[in-house]
Amino acid sequence: MNDPIIPPLAPVALHHALITWQQQNGRHDLPWQQQPTPYSVLVSEIMLQQTQVATVIPYYQRWLEKFPNFESLAAASEDDVLTLWQGLGYYSRARNLHRAAQFVVAERGGILPPCSEQLREVPGVGPYTAGAICAFAFDHPAPLVDGNVTRFFSRYFGITGDVTSSRVSKHIWQLADDYTPPQNNRVYAQALLDMGATVCTPSQPQCHGCPVQSSCNAWQTDRVLQLPEKKKKAPIPTRAGWFGLDVDPTGVVLVQRDTAAVWPRLWCLPEFTEQPTKLELHGEFRHTFSHYKLNVQVFTYQAAADNRRVPWQELTDYALPTPIRRYLMALKKKL
Ligand code: SF4
């Protein structure tokens with residue numbers, strides 16, 4: 001006969017287990033954990049979306065030096081904001097952060113409240129970021145669910161069904177809410193994130209070092225790697241893009257893209273609307289966006305004399321799409 005399944009711990013016991021684990025094993029030295037404010041938490045959370053902690057740290061430090069608060073960021077030009085963001089990718093995050101700062105200064109007198117609902121009125125602040133600001137900046141009770149928490153909860157509570165569906169997502173948010181402690185939410189929330197990032201990882205989770213292994217449903221039912229369940233994604237389409245390259249030892253011709261284009265307002269090689277037939281192919285690369293792949297061909301061409309030729313040494317002062325910057329940096333080394 002199989003052993004009976006041990007049910008998940010009740011909220012108080014789970015808090016105790018996770019908080020004790022976090023204090024002994026969790027992350028305490030991250031720069032945004034030192035004297036957190038609503039502003040610094042917002043900056044770090046937006047930077048951490050789709051980006052590894054180690055990559056974010058130097059960007060976060062530079063950002064706080066240049067824009068230490070909502071007022072300084074709100075007053076900055078979009079070009080300055082995008083240039084400082086250069087290399088982190090997903091520039092829409094930088095624009096959202098800029099818009100959020102302008103909103104907070106203009107509409108909220110530069111102050112954010114410890115209230116999830118009011119925080120969500122700030123542009124670019126969704127339920128997760130609002131929960132993170134409540135927890136980390138104010139130590140207030142508010143739930144937060146991201147990919148790490150979703151994975152940990154799915155396994156710990158044995159939740160089946162597509163985690164990207166609204167039904168399962170609602171269920172996980174409800175659990176997160178039910179399990180949010182009235183006190184010490186800062187440490188508890190950090191424990192949830194650290195568990196997902198360092199113990200209950202997507203592949204090779206460290207179940208033997210897990211503080212709640214004995215009551216974990218997935219562990220007891222041998223479904224650790226089957227959870228969370230995700231619907232298979234349809235393959236994403238591939239598109240083609242053609243760009244012009246006019247370089248000499250002094251610099252490269254760049255244009256600022258339209259607001260409606262891919263990579264809005266970034267500086268880029270001029271783009272052709274169709275594949276050139278009479279130009280020489282200089283190189284090719286592929287870039288993957290969230291919804292499609294872009295196969296890029298770069299052609300040598302001669303730009304009109306009135307185009308902007310950016311000196312090589314000034315290239316870092318311009319916000320460029322990451323793959324274009326990589327292409328030009330590699331080229332510069334060969335010149
Ligand atoms: Fe995750 Fe394993 Fe811990 Fe369960 S026992 S919560 S699967 S690390």
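Reader: About how much space lies in the largest cavity?

Author: Start with the general idea: rolling a probe the size of a water molecule over the atoms shows where empty space is left. On a 1 Å grid over the protein atoms alone, a cavity is a set of points where a 1.4 Å probe fits but cannot get out. Here, about 90 Å³ of space lies in the largest cavity, the volume being the space filled by probe spheres set on the points. Keep in mind that this is a predicted model, where local features need pLDDT of at least 70, side-chain atom pairs count only at pLDDT 80 or more, and totals for chains, interfaces and linings use all residues. Residues are numbered from 1 along each chain as its sequence is written, and side-chain values use heavy atoms, with hydrogens and water left out.

Reader: Where does the ligand sit?

Author: In the largest cavity; "sits" means more than half of its atoms lie within 2 Å of the cavity's grid points. Residues around the ligand include Phe 152, Arg 155 and Trp 219 (each has a heavy atom within 4 Å of it).

Reader: And which residue forms a salt bridge with Asp 194?

Author: A salt bridge is a side-chain nitrogen of Lys or Arg within 4 Å of a carboxyl oxygen of Asp or Glu. Arg 27 pairs with Asp 194, their closest N and O atoms being 2.8 Å apart.

Reader: Is Asp 194 buried or exposed?

Author: Asp 194 is buried, at 1% relative accessible area, while Arg 27 is partly exposed at 25% (buried is under 20%, exposed over 50%, partly exposed in between, with a 1.4 Å probe and protein chains only).

How values were computed:
1 Å grid on protein atoms, 1.4 Å probe; cavity = no way out; pocket = protein on both sides within 12 Å on 5 of 7 lines; lining within 4 Å.
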